[in-house]
Amino acid sequence: MTNIILRGCNGKMGRVVTQLVNEDENVAIVAGIDLSTDGQNTYPVFQSFSQCNIKADVIIDFSSPVNVRDMLDFAIDRGIGIVLCTTGFTKKDLELIEEASRLISILRSANMSMGINLITKLVKEAARVLAVSGFDIEIVEKHHNKKVDAPSGTALALADAINDALNNSYEYVYDRTDIRAPRQKKEIGISAVRGGTIVGEHEIIFAGSDEVIEIKHTAYSKAIFAKGAIQAAKFLHGKPAGMYTMNDVIG
Ligand SMILES: NC(=O)C1=CN([C@@H]2O[C@H](COP(=O)(O)OP(=O)(O)OC[C@H]3O[C@@H](n4cnc5c(N)ncnc54)[C@H](O)[C@@H]3O)[C@@H](O)[C@H]2O)C=CC1
Ligand SMILES: O=C(O)C1=N[C@H](C(=O)O)C[C@H](O)C1
């Protein structure tokens, strides 16, 4: 049995995780952390980690980057791992997370779905082949109108994976409105669309001379992210300190 503290339990993702955990006899949510206590939770909910005295094996976090240090301190103090699904962290936050991973196990992934983790490998391979043939690389992501961070964590992770395959020689361009010049070769353009209830779409476009290759992932429900997070929590339970990714979970 893996006992979970769910940070962001009363948010959109928190509610889906709660529902799926209820259908799985090998996991349980023993407490929630949320600024909002406005949920019909079957477990105790605290507004901050400082109020929580419940023992658990792993934290799943789908909330916001605010007060990430409190969560890291709580996990370090208890020696438990964190499945970090939240996006929009600053460079400073990421340094804190990296530092904490020397003491506890942390699995951070901007996208817990199997599909995105697979296409991350595909786009790296495609970039290696196509960039040398002069293809331009653009990423377009689409999300619901409640999303606060842009571009999505997944779009940035896809760009980082592509850039890694290209010896980190590419620059990211988010906005061309002030540019009066043709696109540079070593650019990855990243565009964000927000509207309605779109769960999440990521399209990687390789545009060459007279031909275009598009690799696209569409999420039709938030359950794909919640399932991945639960699978990751089971994986992380009892693991030694270190930084893990979804690749370690799904291979
Ligand atoms: N890695 C992945 O696969 C996915 C990641 N996400 C990310 O998860 C995060 C949450 O997404 P949603 O559930 O859609 O957002 P949401 O806004 O519906 O829910 C966030 C919840 O966290 C709570 N919260 C905010 N700040 C907090 C704090 N400092 N301490 C405790 N609770 C706090 C809010 O009260 C709210 O209930 C976002 O960063 C989003 O990008 C979302 C879907 C998939
Ligand atoms: O906020 C969301 O909804 C999502 N956020 C993640 C991101 O920023 O990449 C993952 C997913 O696309 C849904």
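Which residues does the UniProt annotation "domain: Dihydrodipicolinate reductase C-terminal" cover? According to that unreviewed entry, the stretch is residues 115-250. (UniProt positions follow the numbering used here, feature names are shortened, and annotations may be inferred rather than shown by experiment.)

## Before you look

This is a predicted model: local features need pLDDT of at least 70, side-chain atom pairs count only at pLDDT 80 or more, and totals for chains, interfaces and linings use all residues. Residues are numbered from 1 along each chain as its sequence is written, while chains are lettered from A and ligands numbered from 1 in the order in which they are written.

Nine residues from domain 1 and 11 residues from domain 2 make the contact, where two residues are in contact if their C-beta atoms, placed from the backbone, lie within 7 Å. On the side of domain 1 that touches domain 2, helix H6 (223-236) and helix H7 (246-250) each supply at least two residues. H7 gives the most, with three residues. Helices (H or I, at least four residues) and strands (E, at least two) are DSSP runs, numbered from the N terminus.

As for the annotated residues 115-250, they are 36% helix and 28% strand, with 11 Å between the end C-alpha atoms.

## Around ligand 2

Now for ligand 2. Its shell includes Thr87, Asn111, His143, Lys147 and Gly200; a residue is near a molecule if its C-beta atom, placed from the backbone, lies within 6 Å of it. Both domains give residues to this shell, so ligand 2 lies between them.

## The open sheet

Seven strands form an open sheet in the order E3-E2-E1-E4-E5-E6-E12, with parallel pairing. Two strands pair if DSSP finds at least two bridges between them. E3 and strand E12 (242-244) are the edge strands, each pairing on one side only. Further in, four bridges join strand E1 (residues 2-7) to strand E4 (residues 58-61), and Arg7 has Asp61 in E4 as its bridge partner.

## A look at Tyr43

Tyr43 sits in the loop between strand E2 (27-33) and strand E3 (45-46). Leaving out residues up to four places away in sequence, Tyr43 touches Ile29, Val30, Ala31 and Gly32.

Methods: Domains from an automatic or database assignment.
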